[in-house]
Amino acid sequence: MTGDTQRHDDARPQRAPVGDQPARAVPRQAPTPEGRLVCTVERLRREVLEAQAAADGRALVELAKGILIGQLHCTPAAAARQLDVLCRDSGMSPLELAADIVNQASRDHVSEIAAEFVERTGAAGDPAVQHSAVSVRLRTAESGMLAAADTQAVAESLLTNALGPLGAVAVAVWTAVPDGSLALAGHAGFRPGEAARWRHVPPGVSTVARLALRERRLVTLARLKREGLPSIGHLQWPDGGRMAVPTGTGGRIHGVLEICWPQPLAPQPPQIERQVEALAELCARTMDASPPRDLTTTEAVLPDVAELIDLAEGLQDPAVVLTPVLDPEGRLSDFRIRHAGSRFVDPVGRPRGDVNGALLLEAYPTAAGDGGLFDIIERVHATGEPFRAERMSLTALVDQIPLTSVADISVSRHGAAVLLIWRIEDETARLADILQHAQRLGRIGGFEENLATGETTWNAQLYALHGLPATAPPVRLQELPGYAHPDDSAALVRFLRAVLRHRRPASVNLRLQRPDGITRHIRVVAEPVLDADQQLYAVRGAYQDISAQHWTEVALAATRDQLAHTEAESAERNRLALQLQHAIMPPTPPAIEAPGLRVAVRYRPAETESLVGGDWYDTVVLPSGLIMLSVGDVAGHGIEAATGMVVLRNALRGLAVTGAGPAQLLSWLNTVTHHLAKHVTATAVCGLFDPSTRVMRWARAGHLPPVLVRGGEADAFPLIEGLLLGALPDVTYVEREVQLEPDDTLLMFTDGLVERRDSSVQDSLRHLVNAAGAGAGDLDGQLDRLLAESRSDTDDDTCLIGIQVG
């Protein structure tokens, strides 16, 4: 079988023989029925091809007329006459002349290539050669595409005749499948293996073609690698440019034409983009399965939509069948409501006959808004991808008044037609459904009791609250005391008297004893219903399960009681700790007199009683004549810190009687601290001053060193090793000697004097040294000034000892 794609040489005119020999006469044979059929098929095929070529070339002729209108500033009729005159004078067909005009007006890269070709061949002075070189590209591409039998042949013709001169190396034609995927319908210039790998692109994969399909416009990518979008051949030309344009007819997008360049693509002029779009439109011819358009009307000649109408009639929801309406240039302008289903319900209540057969934008002009219903239907018609949306607003004009309703929308394409289905929400049913869910979540059940007939109505939630089956008779209000805890009887009597006798709304909380043995805490709310004579005839109300709230309140009350008890205990502990601390170290201790020394103390307790700490100081004249000076700080606050302070202070006093040096005293004190209960830790400085030699031996256990003020200058003692007390069981401490002179002042203190949250200890100590060196006056004045200028912000206890050498 030859089929529609077979070409017959006997249907073409015969060429004359070469040379002087006359052509031999071929005897005519009687045509057979099969021959007549073949000739008829071939003639009809030629007519179809000619009709398609004429229809596809009409847009090119109209474009040439538009160029003449712009260049000659004339009317469309004058441009048409001028085009006829040019055809007669040049002897060219209208299509050839239109291609020549468009190419000369665009002055694209192909025209430059053709001019270079003319110059190289030495025919620059021949107008006929120039004319042929400039117009041959577009006409050749169009002829090749019109003669192509499928999309693969179209892609090869495009690359050979039109896009190759532009520098393109490959072409891919994608078909847009309604499920959102892309299929490779034709390609040229790519490796066979590459085309096989890209024969199908699943939905949701972002590619160059998908980008053009989503934006529904021509897309240019200067460098494919920089954009990060994969596509066919992206490994072969990673730095190349891409151009992709949707292909479609009659408002429907059939696929995407993608063009590949091996090098980065510079911005293209509008003329090139228009020619690529025109080639894409011609490319869509082989991808369009719909019947040809009737050029005498503005609407497409669609196949019979009877099956789609039957489908719309079989649906339970309102549905309409829409068909596209095209403008004279073949662009989509509107949709015709071909059929409104028998269950059609207009969003504003118009009858079915008012919209059946009307244009969509005439029936619903507000649908033309940005992102509105018309845009949705247009996208579905173009791409074939269905659309679903819940609670979408539909607006229609009635007497110039916009009326809006909310509906669930479904739009799908069937062939060239579109099926629109919506379901308008019943607000009453929706509110009832919301109320039912709210009652279930709030564990609320409603009732109504008719006192005249004795009929009582419950909803399903109330049966669940009572633990009764739905077939059980409801419990009347007067029967409610029999289902409640006996201790709630008095409250129920007051509730029933208020509702039934005094006819006023009332509520009561009770413990409902269910048949399954479970007791629930229930709040009952009721209100009387009066008739026209102000007589009570019904009671309405609700039950609410407040068991969770009740037990939460019980737990909260218990927590409050426990918290109050804890607060009272804490206050008592703090009071005892404060009394103990003040008993050992009063806030304003008197000055201490010792041989060769004058000792003054300043103690500032914490600002809040809850921060009672373990700071201590001590000055003791030992039997040997030496004077022990110590200061320390027990970690933590409260009664534990205060009792630990008392133990360590008294232990150090007792150990000092042995005559041991400060390092040995701190070592023994560390052993005492380590074996105390609750693992107390502390810091301390211990010094032994000899009044006869004015030599002071000192040691430290994790504490800040003393500060020496001499002759208006101050400096801290050199820092020596010493681990804090209680960290390890056996620790050896180091001691140093300092020679003091008359009028020297020695400052010993706890960290509450210098510690800040926003500064390091070294910075805070440096500030104290500067302040001590800048001061003058007697010892009491110095201590008062240092305490007043303290930068500490930790609200801790502060202990400051000043020792002035006599």
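The sheet I would like to start with is an open one of 5 strands in the order E19-E20-E21-E22-E25, with antiparallel pairing, where strands are DSSP runs of E with at least two residues, helices are runs of H or I with at least four, and both are numbered from the N terminus; two strands count as paired if DSSP finds at least two bridges between them. This is a predicted model, in which local features need pLDDT of at least 70 and side-chain atom pairs count only at pLDDT 80 or more, while totals for chains, interfaces and linings use all residues. Residues are numbered from 1 along each chain as its sequence is written, and side-chain values use heavy atoms, with hydrogens and water left out.

At the edges of the sheet are E19 and E25 (735-739), each of which pairs on one side only. Within the sheet, E20 and E21 run antiparallel and are joined by 8 bridges, and isoleucine 627 has phenylalanine 689 in E21 as its bridge partner.

Elsewhere, strand E18 (residues 597-604) is largely enclosed by the rest of the structure, because 6 of its 8 residues are buried. E18 runs antiparallel to strand E27 (residues 798-805), joined by 8 bridges, and valine 599 stands opposite isoleucine 803 in E27.

Methods. Buried means under 20% relative accessible area, exposed over 50%, partly exposed in between (1.4 Å probe, protein chains only).
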